[in-house]
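Reader: I have to look through a structure for class. Can you walk me through it?

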Amino acid sequence: MLKVGVLGAGHLGKIHLKLLNQSSKYNLIGFYDADKENSEKIAAEFGYTAYNDLDQLIADVDVVDVVTPTLAHFDVAKKVISAKKHLFIEKPITNTYEEAEELIKMASKNSVKGQVGHVERFNPAFRSVVDRIENPMFIEAHRLAEFNPRGTDVPVVLDLMIHDIDAILSVVKSEVKSINASGVSVISDTPDIANARIEFENGCVANLTASRISMKNMRKSRFFQRDAYISVDFLEKKCEVVKMKDAPAEPDEFAMILQNAEGVKKQIYYDNPSVSPNNAILDELETFADAITNDTTPIVTLEQGAKALKIAKEVIANF
C-alpha cells in the first residue's frame, strides 16, 4: 500500500479523504488544510490525522493528493516534486500554462509520476465507448450546471468546459488549428456562459458550450465520424452508438435503410453498450497507484493536463 497524504480538505478534499481511506491501494497517513478550524473539525469528525506542518506531511508519505484551490496548486506541487514524492493534482493543473510547464520539467528531473484529476475520463459512459471513437470529424459538447457560488472565482471555462476540452483532446489525434469563442458574465465577475469552436489540423471541429447558470444540469457530448454517431451522457452515465453499414441485398422488413442521391443504401444499427457502474474519483486515484506500482504511464499525465489548460486559456483569450 502506498502511503498517501491529502492537501486541502474542502468539499472535494473531503471526498478524496473518504475514498483514499477506503482504498485497498493506499494507506491514508493524514491531511493538511490551511484553515486550522476546518482541519480540527474534520479530524474530530472522521478520525483522520490532521497535520499542522505541510512539509512534515509531504515527508511522511509516498504520494501527495493536491485538492487545494487552483491558485495554490503550483506552490504546493513544487514542494511535493522537490521532495521526490508522486503527485496527484486536481484540475486545472495550475493557474497558468507556464507554471504547468515548470512542474512537468521538475517531475521529469526528479523521476516523479504525476496525474491530473480530469475525472470525466473515468466516467463509465465515456469509458464504454472511448475505444469506438475513431477519427471524429464533428463534436458537440454541452456542460450546463445550476448556479453554485463555489467555483465562481474562476471563469466557467476553467470550472466546467475544461472537462470537455480534455476529453476531446484525448480522442482527437491532431493539433489545434484555431479557436473562436465568446463568453458572457451574468452574475459573476468572470464569464458564466461560454461557447468555443475549436478547429483541428485534420479538419475536425468541436463546438463546446458551458454554463453555470442553467435551469437544469446537463453533461452531454456527441461524436460524429464516418458511418457512426456516438453520444455520451456523462450525467446520466448512458451512451449510444448509431452505426451505418452497407445495406444487404435483401434487408429485413424492419431494417432502417437510408439511400443517398447516388443510390447508395446504408442500413442503420443501434447499439447501447453496457455501462459498468463505478466511482470515477476512486478509479482515477487507484489507477494512479497502479501506474506508480507498475511503473507505467498515468492515464491523465501532467502533459495532458497542461495541454487542456493551454487550450482553455486560449478559449478565454478569444472572448
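Author: First some terms: helices (H or I, at least four residues) and strands (E, at least two) are DSSP runs, numbered from the N terminus. Two strands pair if DSSP finds at least two bridges between them. This is a predicted model, in which local features need pLDDT of at least 70 and side-chain atom pairs count only at pLDDT 80 or more, while totals for chains, interfaces and linings use all residues. Residues are numbered from 1 along each chain as its sequence is written, and side-chain values use heavy atoms, with hydrogens and water left out.

Reader: OK. How many residues sit between E13 and E14 in their hairpin?

Author: Five residues separate E13 and E14 there, and Gly263 in the turn has a positive phi of about 90°. E13 (residues 256-259) runs antiparallel to E14, with four bridges joining them. In that pairing Ile257 is opposite Gln267 of E14.

Reader: Which strand pairs with E14 over six bridges?

Author: That is E12 (residues 238-246), which pairs with E14 (residues 265-271) in the antiparallel sense. Val242 faces Tyr270 of E14, and Met244 has Ile268 as its bridge partner in E14.

Reader: What is the strand order in the sheet of nine?

Author: The order is E7-E8-E9-E6-E10-E11-E12-E14-E13, in an open sheet with mixed pairing. E7 (176-184) and E13 are at the edges with a single partner strand each, so one side of each has no neighbour in the sheet. Neighbouring strands are turned by 15° against each other on average, direction ignored. Axes here are lines fitted to C-alpha atoms, for helices over the stretch in contact, and angles run from 0 to 180 degrees between N-to-C directions.

Reader: Which helix lies across E7 and E8?

Author: H9 (residues 302-317) does, running at about 55° to E7. Contact means heavy atoms within 4.5 Å.

Reader: New topic. What is the order in the sheet of five strands?

Author: E2-E1-E3-E4-E5, an open sheet with parallel pairing. E2 (26-32) and E5 (114-117) are its edge strands, each with a single partner strand, so one side of each is left without a neighbour in the sheet. The twist averages 20° from one strand to the next. E1 (residues 2-7) and E3 (residues 63-66) run parallel and are joined by four bridges, with Val63 of E3 as the bridge partner of Val4.

Reader: And what lies across E1, E2, E3 and E4?

Author: H1 (residues 11-22), at about 150° to E2.

Reader: At roughly what angle do H4 and H5 cross?

Author: Roughly 5°, and the axes of H4 (residues 70-82) and H5 (residues 97-109) come within 10 Å. That makes H4 roughly parallel to H5; angles under 35 degrees count as roughly parallel, over 145 as roughly antiparallel, 65 to 115 as roughly perpendicular and the rest as oblique. Residues that meet include Phe74 and Ile81 in H4, and Leu103 and Met106 in H5.

Reader: Is H8 mostly covered or uncovered?

Author: Mostly covered, with 11 of its 15 residues buried. Buried means under 20% relative accessible area, exposed over 50%, partly exposed in between (1.4 Å probe, protein chains only). Among the buried residues of H8 are Leu285, Phe288 and Ile292, along with Asp283 and Glu284.

Reader: Last one. Is Ala34 buried or exposed?

Author: Exposed, with a relative accessible area of 70%. Ala34 lies in the loop between E2 and H2 (36-46), and its C-alpha is 33 Å from that of Asn294, 260 residues apart along the chain.
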